[in-house]
Amino acid sequence: MKALIKGFFNIHIFSLLLLIVILTGCAGSSEETSTSKDTKGKTTIEFVYWAAAGGEEKGFNDLIAKFESENPEIKVKKSQVPSPSQGDYYTKLQTRIGGNDAPDVFRVQYQKIGEFSSKGALLDVTDIIEKDKDKYNKSLMTAVTYEDKVYGLPHHTDTIAIFYNKTYLDKLNIKAPTTLDEAWTWEELTDVAKQIKEKGLAPNGIAMNASASSAYRTLPFFFHNGASLLTDDLKAANVTTPEAIETLAFLKDTYTNYMSKGNSMKGSDDPTMLFTSGNVGLLMSGNWMIPKFESDMKDFEWGVTYMPVSKSSASDMGGNGLAIPSNSKNTEAAKKFLAFMGEKENVKEFIEKGLFLPSRSDVTGPFNYDVKDPKMLDLFIEQSKTVPVELAETVTLPEFSKINQALGDSVEELYTQDADPEKVAKDLEEKINSILGK
Amino acid sequence: MVSSIAKWYEKKHIKLVPYLFIAPNMLLFFTFMIIPILFTFYISFHEWGLFGKPIFTGIENYTRMFRDKVFWTSLGNTVYYTAGTVPLSAALGLIGALMLNQKVPMRAFFRTIFFAPVVVSLVAAGLIWSWMFNPNYGLFNEILGHFGVSGVDWLSSSTWAMPAVILTTLWVRIGYCLVIYLAGLQAVPESLYEAADMDGANGWQKFWRVTLPMLKPTTTFILVMEVIHGFMVFDLIYTMTNGGPGYSTTVIVQYIYQKAFTEGEMGYASAIGTFFFFVVMIMTMVQMRIGREKD
């Protein structure tokens, strides 16, 4: 009994101490709750973004400087972090927003914004976007809209095409297509890859800038062949059609015969590095990589051509928007920044420096792209017109990050596990249907 | 007043000071271990994606887990990885310790060399070793090439990726086992070896009948630590293979990470985490029991 009483008291003393320490801790932290206004009454907003290639970083820096000089009462704190394909960009953001330590503005891919907006994590910015609603690209507006409210600024778009090592192609006497009508067919593309490999010019024929987090970059191949990932109403999977299975078989064949083994969905190869080091002759990648190639392709000449076609042409819809977390502490200043970035001339300046494509139809050329050969961008603008509306709608569904994971798993299985395309299609169909609640 | 309180404490035999000393530690332990663990249990019965309110779903996450093929694959891989690393690192650590326990020159130097990998960050180790395994410019295939063996594409092959990861782990963990065993060896009393000598025991008998039984507590400790380490592996695999090719090197902790942070399914990830918590706890309890019984 005595021991029991003693234990009882011990516990109480312990919890008392615990309480004291906790209370002291709380008292300490309440003093430093972030008032982002400093003594001069300046508001600081935090902007989280990535800049994968040189151009976009300059674009952001210049525009932020311009914004600060126009709005002397607001300071923008730049938090540049590794890009989504390199690191855990969204993990960090989700944790910060979930932990109520949200930044004020962040850059977000169209494929990801639905995941945030559908969970109420973003601030409704309809009032900023409303007046220019009709001027934005329709697919991009779909991406940033959830239940009739706009949750982000469609900042810019981009697309992918085929970069080629001109030095190699010259040796093979191959001339890359210069118009969309002449674009290589699937067979012609793999034939070039085959020749590059067989003539010993490079150990690999083709590389693709598509990994588990960007598995959606394989989607254009479905649309080339008249297939799609989802049914027209986007309510169910549609990947067991003969056309879709043919596409999966084509991807498998291309990987097995012409791609570096490390260029799989989970592989550790850097496709950009494979290309700049001459270890691959063709690379499927986006317009934003041009500055990188200009600075890194020292030993080779290079160029860019259209995505291949099968039954029709198609490419990927990429690009990013800007959004404000719903628990941002400086929403007024953040909205001001968002509106500023969306202004016509600022959009134009950003896409010219970052080598992107405009998100607004009233931002028109000629663009003064900051590259040696601005014509190269015309090809991307032309290619971007081949993006199927259904592809844009598919990748901007709120459930898309789960679908993307399933797609990446399936492609990885095709690539590395020698899986049968028909079986992979069946599994993928099942997984997508369960994600969509079918 | 103060003195009367002090008297009261004295009378009740309550010592305040020890609690003050352990308070900071307990506070951190509660904040960063107990509370998150309890929260994980709670969230495992819900559907939640970091934002918004968790939706209660009962045991759905658990029933889904048992039907999930990838879950079983990653559980199998975890066992494969653990079975591949634990016996080897313990055995090689013991051999190394026995050798370094002799009077070899530069003993301290070798100990440092073998222990050095333990303090290297696993992320750095993973990166360096993935270069060594690289098919184009890696050290391994270079060496194999000198012997006329054509190399394999280690990390891109479903068969060879896991052995490559295990090899890397051994490089790190042998040093750890070695140092612990070395400490254990030095605690074996010299008199036991003298007695064995008098009875005419040879070297092998001395090892088998004296050294090994005396090292039993050390071995138990090492096995427990290594099994836990094996079950918890994440960073090394994340940097070396990212779980691929396919799911051939995906382990449980990584699958939890993927579900929670890539796909935003906190509830389901927590369910796997909870399940795994009990697996590790039971494993450790069994090991401790075995280690104790034979004492």
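Q: What makes up 77% of the contacts in chain A with a separation of 6 or more?
A: Residues 24 or more positions apart account for that share; two residues are in contact if their C-beta atoms, placed from the backbone, lie within 7 Å. This is a predicted model, in which local features need pLDDT of at least 70, side-chain atom pairs count only at pLDDT 80 or more, and totals for chains, interfaces and linings use all residues. Residues are numbered from 1 along each chain as its sequence is written, while chains are lettered from A and ligands numbered from 1 in the order in which they are written.

Q: Why is a set of residues called a nonpolar core?
A: The name applies because its members are buried Ala, Val, Leu, Ile, Met, Phe, Trp, Tyr and Cys residues joined through C-beta atoms within 7 Å. The largest such core has 124 residues, and A:V105, A:I162, A:A323 and A:L338 have the most contacts inside it.

Q: Why does this core lie between domain 1 and domain 2 of chain A?
A: Both domain 1 (43-158 + 318-364) and domain 2 (160-316 + 389-435) give residues to the core, so it lies between them. The domain bounds come from an automatic or database domain assignment.

Q: Which residues does A:A323 touch, not counting residues up to four places away in sequence?
A: Among them are A:F106, A:V108, A:I113 and A:Y151.

Note on methods
Buried ≥ 20, exposed ≤ 12 C-beta atoms within 10 Å, placed from the backbone.
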